[in-house]
Amino acid sequence: MISRQLCLLAAVLGAASYAAAQAHSPGSFEDGGDTLVSAMMMFLGNTDKVYILDKSEGNAAKFGDYPAMGAVYDIASRQAETMAVETNVFCASGMHLPNGSFATFGGNGAIGKGGNISDIRYPNNQGQGLFDTQYGDYDGTKAIRILNPCKDGDDFTSPNCQWFDNSSLLSMQSQRWYSAAEPMGDGTIVLIGGFTNGGYINRNYPNVDTAKEGGAANPTYEFFPANGRQEQFMNFMNKTSGLNAYALTYLMPSGKMLVQANYSTTLWDPLTNEETDLPDMPGQIVRVYPASGANAMLPLTPENDYTPTVIFCGGIYMDDWSWGNYSWPFADTWAIPSSNKCHTLTPEPTDGSTVDYVEDDDLPVGRTMGQFIALPDMTMLVVNGGANGTAGYSTRTFNTLQAPYGMSLASEPVGQPALYNPRAPKGQRWSTAGFDTSPIARLYHSSAILLPDASVLIAGSNPNVDVNLTAPFPTTYKAEVFYPSYFSASNRPTFTGAPTTLSYGGNSFDLQVPASAYSGLANDAADNTTVILLRGGWTTHAMNMGQRIMQLNNTYTVNSDGSLTLHVSQPPPNPNLFQPGPAMLFVTISGIPSNGSWVIVGTGNIEQQPTQPASSLPANVRVDGVSGTGSGASTSSGGADGSKKNSATASHTGAIVGGIIAAVAAVGILGAGFGIWMARRRRASARQALALSYSTSTAPTRAGGDVSGTRNGDLRNSDSSAFLPLSQVNGSSAWDANASSLSVHSPYYDLSRAASAEFDPYHQNAPRISTNQARGPF
């Protein structure tokens with residue numbers, strides 16, 4: 001009787017497990033819940049939470065007394081809660097930090113209802129908003145905001161889990177709106193270009209001041225942390241004047257950076273500020289904002305010797321006049337088809353070939369604002385966008401005084417995802433087979449990010465100057481989750497033994513894959529198993545800044561019980577290939593990925609990352625006649641073929657934040673600052689086994705509005721190097737912003753600001769805010 005009951009229980013549990021695996025339909029969209037703020041920007045903070053940012057606007061959801069600009073989204077429940085954000089984060093850039101924290105850079109000035117300049121302005125510059133008493137936002141044009149992501153069980157009301165957003169303590173050297181951000185191999189972030197003021201594109205017409213556009217363009221770059229380095233003029237920003245917002249940037253193995261804007265391309269050394277011209281984009285197709293073509297680095301694999309290739313798809317071609325100026329486009333963009341062309345570029349080929357763009361397979365449908373999402377089966381998913389027009393918004397163009405789609409400059413939303421397989425033969429790389437079409441328009445200010453279960457969260461869309469729920473393309477709060485084709489599998493791989501940190505070279509590590517993780521012959525499964533390191537990036541404006549995917553080299557041992565032991569190499573000993581910071585580790589068997597395991601790549605500090613020679617992996621060990629015990633098929637339709645070439649707990653993650661500000665203290669004087677890198681886990685123990693030798697070398701305004709004036713306000717010239725360290729009241733060691741590296745010592749601590757503190761971050765004579773207008777308990 002007991003035996004029968006146990007068998008019945010096992011059958012029920014097995015059925016439940018099978019049902020769980022089948023709970024999501026491949027190629028389908030599911031309701032992702034309400035994000036509370038429109039998801040202009042998103043990033044995956046950890047395996048539990050996605051963080052969302054919006055511009056300052058009239059969101060019904062509030063934090064404190066003001067419309068919210070930020071939210072934290074719980075992946076499991078698909079519910080969001082608002083968060084405090086002080087400065088206007090509209091069209092900022094963002095990036096991960098080496099310890100797993102995230103930073104956002106710049107944004108717009110303070111604005112109020114209808115996108116108008118705030119009611120409180122700088123006394124010496126009435127064209128720039130300081131603070132708005134209705135929306136509660138401060139000027140964000142120089143802001144640096146830092147977040148240490150928290151997980152389930154953490155106290156989200158604690159300052160440790162909130163944004164640090166205080167521009168009097170931490171800010172950039174100059175104003176940047178629509179700037180680019182790209183990390184270097186030591187974790188330093190390079191911030192490039194942007195507007196200081198503006199609208200649709202950052203130029204006047206005719207374009208006679210190509211460098212600064214009367215003060216509204218910023219043709220410089222700077223570092224974060226600055227460590228004493230001053231911003232410098234960047235010639236490429238002058239060359240690409242007018243169409244270089246959110247320049248497309250990719251760090252290369254040499255430490256140089258591919259930068260693409262307008263239809264020009266350069267290989268740029270941020271340390272020496274030297275540029276090497278590369279070929280122009282074919283057909284003068286524009287891929288940067290507001291053309292907003294999809295772009296991504298293709299998977300780095302042992303097969304391609306970890307040589308970066310970047311793909312650009314979609315965008316739009318218009319002649320120079322049609323692009324217009326700050327106020328609006330001159331052409332009726334919504335009637336102009338977006339491009340369906342794709343091109344790839346390998347900026348640093350290792351075979352001596354000529355650097356040039358190569359035309360790839362056309363998109364199934366032309367797209368502007370399409371967005372590449374790297375999937376752990378090493379395919380690339382494109383979501384969102386429109387078949388006509390551009391990003392940005394305006395009520396009119398030069399030709400048409402009343403735009404037909406509200407403020408949207410794009411039309412014909414493309415709701416069906418498309419899948420690109422870089423390993424497929426040319427002519428067969430794109431597919432939409434089995435993919436549903438979303439009924440929700442995802443146009444300007446949409447975003448998408450890979451989740452730990454390898455599904456894709458899609459949210460946002462708001463081509464409106466302020467919240468508008470009745471526009472042809474309204475402000476959108478509804479999120480969706482898209483399930484790629486590999487969700488057809490009846491069972492997903494699992495594994496154990498994942499490290500929590502990875503190094504650049506050094507000893508390999510072992511992962512254990514149970515027989516239940518696959519079906520079919522063990523030898524076949526082992527031959528078709530890959531270990532994938534993937535970073536989803538920081539997503540906004542059809543880009544995932546910092547997104548990278550890398551296949552780690554591995555060999556295997558097939559065990560007599562059908563389980564597999566994977567012997568896995570560390571990432572190659574070149575931090576420029578996969579910059580230090582957070583990522584997910586997946587095991588993919590025959591195109592079916594596991595859930596991702598969270599890892600920190602590198603030391604967790606901003607510093608020159610140590611590298612180690614890698615030794616060879618053990619040879620494959622096969623066992624005939626052994627099979628997996630998993631149910632159903634283990635192959636994915638529409639994905640990569642899963643084939644690969646094999647070659648012969650707790651960690652110190654330094655979870656920040658701060659590290660970034662410092663303060664001066666003396667008797668009777670409170671200066672500002674601190675900076676800290678939070679240590680939340682211990683360093684993983686050394687892994688046994690051998691590693692592979694790599695041949696890769698180690699590299700030592702809103703659109704739509706007249707521009708009545710430019711921002712020449714006398715802002716304080718402070719940056720992350722401007723303050724000296726001060727030990728905080730919790731006994732933590734603060735970071736010296738001028739030091740060459742950051743260290744991790746203690747938890748982040750933010751000095752609370754009570755509602756009555758009346759914080760004024762910009763100007764000592766600016767009007768104060770009253771206590772009943774406080775955003776919340778800081």
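**View 1. Cys-150 and Cys-161 form a disulfide, with 2.1 Å between their sulfur atoms.** This is a predicted model, in which local features need pLDDT of at least 70, side-chain atom pairs count only at pLDDT 80 or more, and totals for chains, interfaces and linings use all residues. Residues are numbered from 1 along each chain as its sequence is written, and side-chain values use heavy atoms, with hydrogens and water left out. A disulfide is a pair of cysteine sulfur atoms within 2.5 Å. By this rule the count comes to 2 disulfides. The link of Cys-150 and Cys-161 is left-handed, with -90° about the S-S bond. The pair links distant parts of the chain, 11 residues apart. Cys-150 lies in the loop between β12 (144-147) and β13 (180-183), and Cys-161 lies in the loop between β12 and β13. Cys-150 and Cys-161 are both buried. Buried means under 20% relative accessible area, exposed means over 50%, and partly exposed lies in between (1.4 Å probe, protein chains only). Strands (E, at least two residues) and helices (H or I, at least four) are DSSP runs, numbered from the N terminus.

**View 2. A disulfide joins Cys-313 to Cys-342.** The S to S distance is 2.1 Å. This link is right-handed, with 120° about the S-S bond. Cys-313 sits in strand β22 (residues 310-313), and Cys-342 sits in strand β23 (residues 342-345). The two are 29 residues apart, and the pair links distant parts of the chain. Why does Cys-313 count as buried? Its relative accessibility is 2%. Cys-342 is buried too, because its relative accessible area is 0%. Counted along the chain, the bonded cysteines follow the pattern 1-2, 3-4.

**View 3. Strand β22 pairs with β21 and with β23.** Two strands pair if DSSP finds at least two bridges between them. Strand β21 (residues 294-297) and β22 are antiparallel, over 4 bridges. Met-297 stands opposite Val-310 in β22. β22 and β23 are also antiparallel, over 4 bridges. Here Ile-311 stands opposite Thr-344 in β23. Which way do the β22 side chains point? Val-310 and Phe-312 point one way, and Ile-311 and Cys-313 point the other way. All of these are buried. In a regular strand the side chains alternate between the two faces of the sheet.

**View 4. Strand β33 (residues 478-482) is mostly covered.** Of its 5 residues, 4 are buried. Strand β1 (residues 29-34) runs antiparallel to β33, and 4 bridges join them. Strand β32 (residues 456-460) also pairs with β33 in the antiparallel sense, over 3 bridges. Which residues stand opposite Phe-482 in β33? From β1 comes Phe-29. From β32 comes Val-456.

**View 5. An open sheet of 3 strands has the order β35-β41-β40.** The pairing is antiparallel. The edge strands are β35 (509-513) and β40 (554-558), and each pairs on one side only. From one strand to the next, the twist averages 25°. Axes are lines fitted to C-alpha atoms, for helices over the stretch in contact, and angles run from 0 to 180 degrees between N-to-C directions. β40 and strand β41 (residues 564-568) pair over 5 bridges. The bridge partner of Thr-555 is His-567 in β41.

**View 6. The mean pLDDT of the protein is 83.** pLDDT is the predictor's confidence in each residue, from 0 to 100. A value of 70 or more is reached by 78% of the residues. Over residues 1-22, pLDDT stays under 50. The model has 9 contacts for this stretch beyond four places in sequence. Contact means heavy atoms within 4.5 Å. Residues 633-778 also have pLDDT below 50. That stretch has 449 contacts in the model beyond near neighbours in sequence. Where pLDDT is low, the predicted coordinates should not be read in detail.

**View 7. The protein comes to 3 helices and 46 strands.** Of its 778 residues, 64% are buried.
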